[in-house]
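Let's take a look around this one together. Here is the structure to keep open while you read.

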Amino acid sequence: MTSEVKTNNVPTMEVRNIDKSFPGVKALDDVSVKFYPGEVNAVVGENGAGKSTLMKVMVGAYKQDRGTIHFQEETVSFNHPIDAQKMGISIIYQEFNLLPERTVAQNIFLGREPSTLGVVNVRQLNKRAEAVLTEIGVESMILPTAMASSLSVAEQQLVEIAKAISLDAKVLIMDEPTASLTSTEVQLLSDLISRLKEKGLAIIFISHRLAEVFEVAEKITVLKDGQYVGTAKTQEVTPEDIVYMMVGRVLDHYFPPLGSTEDFGDVILRVEDGSNDFLSSINLELRKGEVLGIAGLQGSGRTELAQALFGAEPFKSGSVELHGKTVSIKNPSWAIKQGLGFVTEDRKSEGLLLMQPIRDNILLALRSLQPLFGWIHPEGIRESRKLVPTLGEQVDIRVDSYSKEVQDLSGGNQQKVVLSKWLASKAEIFIFDEPTRGIDVESKASVHDLIRELTLQEVAVIMISSELPEIIGMSDRIIVMRDGTIGGELPAEASEAEIMLVATGQDNSNSAEPS
Amino acid sequence: MTTGTISVKNLKQAVQAIHIPPVYYFLVIITLVGVTLDQVFASGNILSNPTIMTNILVRSVALGIVAVGQSFVMIGAAIDLSVAFTISLTAVLTSQLMQGDPARVPMAILIVFGIGIVIGVTNGLIVTKLNVNPFIATLGTGLIIKGILNGTFANYKGSVPKSFQSFGYDSLGPIPISVLVLLVVVIIGWFILSRTKFGAHLYGVGGSREIGRLSGLRTARIVTGAFIISSITAVLSGLFIVSRLGSGAPWVGPDGVYDLESVAATVIGGTALAGGRGGVFGTLAGVLMFGMIDTVFNQLGVDTYLKTVLRGALIILAVASYSIRSGREAA
Amino acid sequence: MTTSAKKPLSMQLTNMLISVWNLIKRIPPVYPVFVVIMIAVGQLNPNFATTDGILLFLRRSSPLAILAMGQVFVLATGGFDLSQGSLVTLTIIGSSLIIYNNESAGYTAILIMLGIGIIVGLVNGFVVSFLKVPSLIATLGMLLLIKGGGLYWTGGAPKGYLTENWRYFGRSYIENIPVIGRFPLAVIILVIVGVIMSILFYKTNLGKQVLAIGDNARTSQLSGIRVKLVRMIAFLISAILAVVAGVLIGGYGGVSIVAGDGLEMQSVSAAVIGGALLLGGRGSLIGAVFGALTLEAIFSLLNLLGLPKPFRDAVQGLIIIGAVAYASITSRRRD
């Protein structure tokens with residue numbers, strides 16, 4: 001099953017023995033994969049398994065440290081993404097690459113406008129765009145002259161596919177294309193993929209959703225911790241097999257033991273009927289000492305819930321009780337004063353000051369609680385000098401100096417810096433949004449241990465995650481979000497299937513099979 | 001999905017594709033306010049007076065030409081604050097080189113345009129190759145021009161020949177030549193932006209350097225091109241000013257606040273400070289708005305210095321009316 | 001044997017050289033540049049190398065050093081304050097008008113101007129924080145407002161005069177000091193302002209938060225920093241220091257309606273030469289003071305070399321482009 005699948009025809013693209021390292025992490029370690037024409041090869045693996053890095057190497061956005069790339073049996077090397085593009089390798093990134101203020105046609109042909117003597121032939125431009133849109137069968141949905149900003153996420157993705165087709169792509173890489181699509185849109189996309197397959201494209205499909213992978217892909221390639229595990233034919237394996245390949249071991253030492261009912265203290269936070277522009281009728285309770293897991297699909301309102309609780313996008317109606325007292329959490333500054341801490345999903349843009357030393361990052365929230373013109377060492381220099389190393393050792397930040405700038409740390413160490421920031425401010429309610437995204441396996445386990453340790457210190461934890469094993473392994477209770485509200489609550493150790501049923505709205509409302 | 005919903009959607013997309021910059025609504029409002037003020041304080045004598053209306057247009061010409069160039073730079077997500085001194089340099093050099101002799105006109109014009117191109121290339125290279133923030137880069141080149149200018153010319157030097165002054169004063173039928181020149185500049189600007197590859201690429205690079213790079217655009221060349229266009233319009237503007245004044249002095253550019261006002265007119269016209277959006281027709285409306293306000297103030301006898309105060313406030317408020325809705329934190 | 005003994009020695013030597021080089025690399029370039037220029041000036045003009053010469057140089061540089069410190073606060077948050085120079089001018093011509101009718105009003109004039117400075121700083125901060133106007137436009141607009149306002153107030157030409165007590169701070173000396181004889185009051189004010197600002201910048205939460213906002217405003221907000229308030233305070237500090245600098249400049253040079261022209265760019269240059277990063281996150285007060293001294297030393301050098309005064313602008317333009325280019329090459333922001 002983990003052995004190489006033999007195919008007779010020639011691979012469109014092949015990578016051999018690829019290594020790629022970043023400071024602190026070996027992202028790819030001797031990875032070799034072949035991609036064949038007319039075939040969808042899904043690349044799966046946990047976060048941090050090296051999928052995105054491999055794709056970036058394949059399109060020339062990163063340069064591999066070792067190994068070779070072959071395109072139609074010839075060794076190639078890309079100095080710039082445009083080189084790969086010209087050869088026929090296109091990628092559709094998770095974050096979109098359209099100019100919002102330009103039309104569909106202008107976006108598709110950016111840099112390749114039909115023109116004579118530098119003057120763009122607008123009619124020709126729109127005509128060609130329409131032809132490409134027709135080729136993928138979406139001409140009735142998307143006008144060549146529509147502004148990209150007026151399109152839905154799914155439509156924007158279709159435009160990107162059209163762009164790839166117009167580039168005469170032989171290899172099309174789709175990085176989590178379904179992450180923010182509705183189920184009808186997903187259906188549309190998978191229809192399109194099968195048509196592209198008939199055209200002989202080699203399609204590389206990256207997704208977290210195994211159900212979809214099994215539906216669209218002929219082959220599944222598994223990466224784990226930057227290493228190639230194997231490629232399997234979809235018909236020959238079950239989702240369980242793939243999960244086993246991805247995890248390697250059956251969820252053994254990954255998670256610390258769950259809490260027990262006697263550990264849980266009083267209700268520290270209660271929300272009743274909380275609503276704002278993104279959320280409606282949120283009701284939840286949080287007890288001291290427990291980890292409340294929040295699951296749900298992308299766009300179901302998970303992060304918005306965290307932002308509402310933390311005052312970044314406050315609730316507009318309903319009531320919030322902290323320690324039994326009704327309060328209104330107006331802004332983050334106020335939330336922090338009340339003992340909340342928020343470990344955001346995007347560390348670099350929301351959690352860290354990259355150019356500042358570790359020390360100032362750790363003390364950031366603590367200092368914001370103190371008077372603006374107050375002395376930076378309110379408890380005296382000696383105490384203050386001790387605080388940072390103490391916290392650093394507690395969360396196990398491995399550096400030679402706390403004066404080092406945070407931008408020079410690995411993802412795992414950066415996440416620990418964010419954690420210590422809230423430990424320093426003595427938060428009593430921790431909200432984690434994807435606490436282990438993009439960090440290596442070892443740091444992952446220690447972050448999980450730290451979360452559990454927190455609960456032993458009478459801290460309440462809300463943990464949002466898109467990784468179901470993490471939700472199941474860590475949560476004492478699970479809330480599943482759906483369409484901006486709470487779809488249902490499940491006890492500890494609920495199964496992935498149970499969670500997915502609630503997340504997709506098929507628990508009770510309708511009995512149709514997931515498509 | 002039914003065909004009905006599709007055509008409604010297509011219609012919506014089509015409507016969104018036609019952009020009317022909101023500045024035109026402003027322009028209408030300002031006109032109405034101006035007319036009302038005129039009626040109340042001057043019993044309608046100001047705006048019904050053709051001389052005054054021509055004046056609004058002529059006053060708008062100098063700012064309008066340079067603002068078209070500024071629009072290019074700002075669509076490319078940069079800014080050009082050296083234009084005021086480029087205008088001064090042009091005005092001084094032109095009168096110095098022409099010395100009142102009509103035969104020297106072509107030579108002088110060629111030289112000042114040449115210098116304009118050099119300034120544009122320099123700005124572009126400093127921004128794209130040395131990675132200097134465009135704001136600082138062009139303030140820096142502005143200072144360099146200012147220093148050389150003030151160190152070399154202390155006062156009005158030389159003069160332009162009478163024939164050259166027709167650019168500033170003559171009319172073709174009822175329309176002043178200068179206004180025609182402005183219109184031609186605006187139309188050329190519109191054509192380059194919306195009909196040429198360079199224009200399309202400039203929007204691309206301004207909207208996102210990264211997308212531009214991934215699409216294989218030569219971002220440095222495109223941004224440099226925008227700076228060259230900006231300098232060329234500044235030179236043209238300088239030529240117009242010197243044809244009006246008859247002789248150039250080092251302070252004509254900074255005194256007219258052409259740097260800041262061209263930026264303000266462009267922003268008011270709907271070009272985002274962050275780049276990638278906008279066009280010259282919006283800018284033209286922004287310029288006309290300034291011209292209108294200016295003329296009304298003048299006719300109402302508002303003190304020159306007070307006018308500067310009001311302009312400063314107006315620039316801030318005009319930009320605020322856009323930025324406050326963007327929801328983005330400014331710095 | 002001999003070869004094997006030599007090898008570690010040469011390696012030791014290289015290692016030592018490398019560590020010394022690393023140490024040298026960490027010295028901000030402003031200090032060696034300053035020293036080199038001072039030596040050059042001293043060589044060209046022997047009078048400069050005397051105690052009195054240096055004190056005069058320091059007195060001349062004090063206003064710019066004070067302005068640069070204020071600019072560092074704003075630059076660190078990621079903004080610019082381009083209204084500084086016009087506020088310097090307003091301080092001088094405003095005071096002369098206040099004193100015009102009442103000769104004993106010297107100190108009152110300073111207090112009133114400080115009040116106006118506070119208002120200007122708050123308005124700058126308000127426009128940037130709450131109206132979300134980029135500070136470049138906001139403070140350039142403020143420059144027009146102040147310039148026009150000042151000229152409107154005076155009617156376009158300097159009026160009145162500055163009394164002895166007003167000019168005291170800018171031009172008088174503390175006399176009868178052993179060894180050095182006399183010491184300029186302006187330099188003492190620079191030292192006092194420097195100490196207060198250093199405490200604010202390096203030793204209070206405000207200083208850390210100013211840098212935090214410039215580094216990443218979103219992170220700062222989510223970590224409890226009141227971003228708008230801190231930004232307003234940065235503009236406030238810059239404006240107050242501009243008034244202080246105005247008092248020193250007016251005291252030294254008398255009434256002029258162009259006294260402050262271009263100072264905002266000089267202070268940005270000084271701060272950048274001193275290691276401040278445009279768009280925020282990095283900045284050094286001491287660096288900015290030395291940046292100001294370096295700039296003044298360069299101006300002195302140009303003077304000694306016989307370059308006409310207007311060329312200062314050109315040189316300054318070159319310096320600021322060079323300094324920013326140097327900063328963007330050496331300390332590039334990483335994603």
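Predicted model: local features only at pLDDT ≥ 70, side-chain atom pairs only at ≥ 80, totals over all residues.

Start with the place where chains B and C meet. Chain B puts 40 residues into the contact and chain C puts in 44 residues. On the chain B side, the elements that give two or more residues are helix H6 (134-152) and helix H15 (304-326). Of these, H15(B) gives the most, with 14 residues. Sort that side of chain B by class and you get 24 nonpolar, 11 polar and 5 charged residues.

Now go inside chain C. Two packed helices are described by the angle between their axes and the distance between the axes. Here the pair is helix H2 (residues 30-44) of chain C and helix H13 (residues 285-304) of chain C, packed at about 30° with axes 9 Å apart. Angles under 35 degrees count as roughly parallel, so H2(C) and H13(C) are roughly parallel to each other. The crossing of H2(C) past H13(C) is left-handed. Residues making the contact include C:Phe34, C:Ile37 and C:Val41 from H2(C), and C:Phe290, C:Leu293 and C:Ala297 from H13(C). By class, this helix contact has 15 nonpolar, 4 polar and no charged residues.

The two class counts, side by side:

| H2(C) with H13(C) | 15 residues | 4 residues | no residues |

Over in chain A, find A:Ile173, which sits in strand S9 (residues 171-175). Is A:Ile173 buried or exposed? The cut-off for buried is 20 or more other C-beta atoms within 10 Å; A:Ile173 has 26 C-beta neighbours inside 10 Å, so it counts as buried. Leaving aside neighbours within four places in sequence, A:Ile173 is in contact with A:Met55, A:Met58, A:Val59, A:Ile91, A:Ile92 and A:Ile204. Take A:Ile92: in sequence it is 81 residues away from A:Ile173, yet their C-alpha atoms are 6.1 Å apart in space.

Last stop, a sheet in chain A. This open sheet has 4 strands in the order S14-S13-S16-S17, with antiparallel pairing. Strand S14 (282-287) and strand S17 (325-327) stand at the edges with a single partner strand each, so one side of each has no neighbour in the sheet. On average, neighbouring strands are turned by 20° against each other, direction ignored. Strand S13 (residues 267-275) of chain A pairs with S14(A) in the antiparallel sense over 5 bridges. There, A:Val267 is opposite A:Arg287 in S14(A).

Methods
Residues numbered from 1 in each chain as written. Chains lettered and ligands numbered in written order. Contact = placed C-beta atoms within 7 Å. Nonpolar A, V, L, I, M, F, W, Y, C, P; charged D, E, K, R; others polar. Axes fitted to C-alpha atoms, helices over the stretch in contact; angles between N-to-C directions. Parallel < 35°, antiparallel > 145°, perpendicular 65-115°, else oblique. Left-handed = near helix turned anticlockwise from the far one by under 90°. Buried ≥ 20, exposed ≤ 12 C-beta atoms within 10 Å, placed from the backbone. Pairing = 2+ DSSP bridges.
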